[in-house]
Every structure is written in structure tokens, then in C-alpha cells.
Amino acid sequence: MIFTKFVEIGRVVYISKGKNEGKLAVITNVVDGNKVLVDGPSTGVPRSVRNFKDLQLTKFKVPVRVGQRTGGVKKAFDEAGIISKWNESSWAKGIQKRTLRAGLNDFERFKVLRVKQLRNRIIRAEAGKLRKAAKKA
């Protein structure tokens with residue numbers, strides 16, 4: 001397996017734990033083997049040192065220099081259109097789906113269950129018809 005997402009200056013990260021959880025930020029400097037300096041002025045993440053265990057690397061990269069100041073990071077982040085690209089990614093769509101499902105009440109969960117049962121019933125019926133047709137032929 002070839003790795004394509006490396007810890008590098010300008011890599012956009014998703015903050016998965018701690019303060020500002022669920023937001024995007026940009027790596028502006030590597031402190032040591034465990035920590036990086038991140039900045040996310042467009043997403044409301046203050047410039048801070050974060051542990052790698054709290055971050056997940058995304059496929060997006062922004063052209064910034066080492067230790068780039070907040071204004072430059074914001075300009076590069078907005079010009080690259082990272083937020084719109086992120087919202088179109090399957091990762092972000094999955095997160096939105098999970099938050100939507102978590103917010104359902106009991107009746108809404110029941111309706112989802114019934115719709116899934118109906119869909120599976122239709123699929124089973126069609127698969128049975130195909131099996132019968134294949135048996136006759």
C-alpha cells in the first residue's frame with residue numbers, strides 16, 4: 001500500500017478529538033514527532049499546537065510556507081476552495097449522515113426501519129424472479 005497523505009506543511013487536517021472537534025485546519029509547522037502547529041482562521045480554529053492523535057490527515061493541501069501567519073493561511077485556504085471540496089467529499093457526507101441519524105427521534109427511526117424493510121422485500125422478490133428465470137433457461 002502506497003501512502004499518499006503525509007504530514008507536511010500545508011496539509012489540511014480534520015480535528016477528530018478535543019477542542020474544535022469536527023473542524024478543518026492547516027498544518028503550518030511541525031513541532032516534533034508527535035505535535036504540529038495548526039491554524040484554521042476560515043473554520044474558527046485558533047492557531048495552536050495539536051497532537052497527531054487528535055488529527056486526521058485529509059487529501060487536501062494548501063500552498064503555505066513554514067510558519068505562515070494567519071492572514072496568509074486564510075487567503076490560501078479560501079483561494080483553494082477547501083471548504084467546498086470538503087463538503088463534496090464522501091468523508092464529510094458520511095459525517096453529515098451520522099449526525100443526521102443520531103438526531104432522529106424514536107418515530108423517525110421506526111420510519112427508517114420500515115422503509116428499509118420495504119426496500120429489502122422488493123429486492124428479494126426481484127432476485128427470486130431472476131433465479132426462477134435462470135432455472136427455466
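User: At the start of α4, what does a side-chain oxygen of N105 reach?

Analyst: The backbone nitrogen of F107. The oxygen comes to within 3.2 Å of that nitrogen. That is a polar contact: N or O atoms within 3.5 Å, within protein one able to donate a hydrogen and the other to accept it, and residues adjacent in sequence counting only if both atoms are side-chain atoms.

User: What am I looking at, and how are things counted?

Analyst: This is a predicted model, where local features need pLDDT of at least 70, side-chain atom pairs need 80 or more, and totals for chains, interfaces and linings use all residues. Residues are numbered from 1 along each chain as its sequence is written, and side-chain values use heavy atoms, leaving out hydrogens and water.

User: OK. How many residues does α4 have?

Analyst: Helix α4 has 31, at residues 106-136. Helices here are DSSP runs of H or I with at least four residues, strands are runs of E with at least two, and both are numbered from the N terminus. From first C-alpha to last, α4 reaches 46 Å, close to the 45 Å expected. That expected span is 1.5 Å times one less than the number of residues.

User: Is D106 buried or exposed?

Analyst: Exposed, at 59% relative accessibility. Buried means under 20% relative accessible area, exposed over 50%, and partly exposed in between, with a 1.4 Å probe and protein chains only. R109 is partly exposed at 43%. Elsewhere, salt bridges that share partners join E8, R11 and K61 into one network.

User: How many salt bridges does the structure hold?

Analyst: Six. One of them pairs D78 with K74, at 3.6 Å, N to O. These two are four residues apart in helix α1 (residues 70-80), so about one helical turn separates them. In general, an α-helix has 3.6 residues a turn, so residues three or four places apart point the same way. D78 is partly exposed at 42%, and K74 is partly exposed at 37%.

User: What about D39: buried or exposed?

Analyst: Buried, with a relative accessible area of 1%. D39 forms a salt bridge with R47 (3.1 Å, N to O). R47 is partly exposed at 33%.

User: Switching to strands. How many residues of β3 are buried?

Analyst: Five of the six in β3 (residues 35-40), which is mostly covered. β2 is largely enclosed by the rest of the structure, because five of its seven residues are buried.

User: Which way do β2 and β3 run?

Analyst: Antiparallel, joined by four bridges. Strands pair if DSSP finds at least two bridges between them. β2 and β3 form a hairpin with four residues between them. N29 has L37 in β3 as its bridge partner.

User: What stands opposite L37 in β4?

Analyst: V49. β3 and β4 (residues 45-51) are antiparallel too, with five bridges. In their hairpin, G44 takes a positive phi near 85°.

User: Where does β1 join in?

Analyst: Three bridges join β1 (residues 11-15) to β2, in the antiparallel sense. V12 pairs there with V26.

User: How many aromatic pairs are there?

Analyst: Four. Among them, the Y14 and W91 rings have centres 5.5 Å apart and planes at 55°, so that pair is tilted. The pair links distant parts of the chain: Y14 sits in β1 and W91 in helix α3 (residues 90-102), 77 residues apart. W86 and W91 are edge-to-face, because their planes stand at 65°, with centres 5.1 Å apart. Rings of Phe, Tyr and Trp (its six-membered ring) pair if their centres lie within 6.5 Å; planes under 30 degrees apart count as stacked, over 60 as edge-to-face and the rest as tilted.

User: What do Y14, W86 and W91 form?

Analyst: One aromatic cluster. Y14 is buried at 11%, W86 is buried at 9%, and W91 is partly exposed at 28%.

User: Last one: what does UniProt place at residues 46-120?

Analyst: The UniProt record, an unreviewed entry, has "domain: Large ribosomal subunit protein eL14" there. Such annotations may be inferred rather than shown by experiment. Over residues 46-120 the chain is 61% helix and 17% strand. The end C-alpha atoms are 47 Å apart.

Notes: A salt bridge is a side-chain nitrogen of Lys or Arg within 4 Å of a carboxyl oxygen of Asp or Glu.
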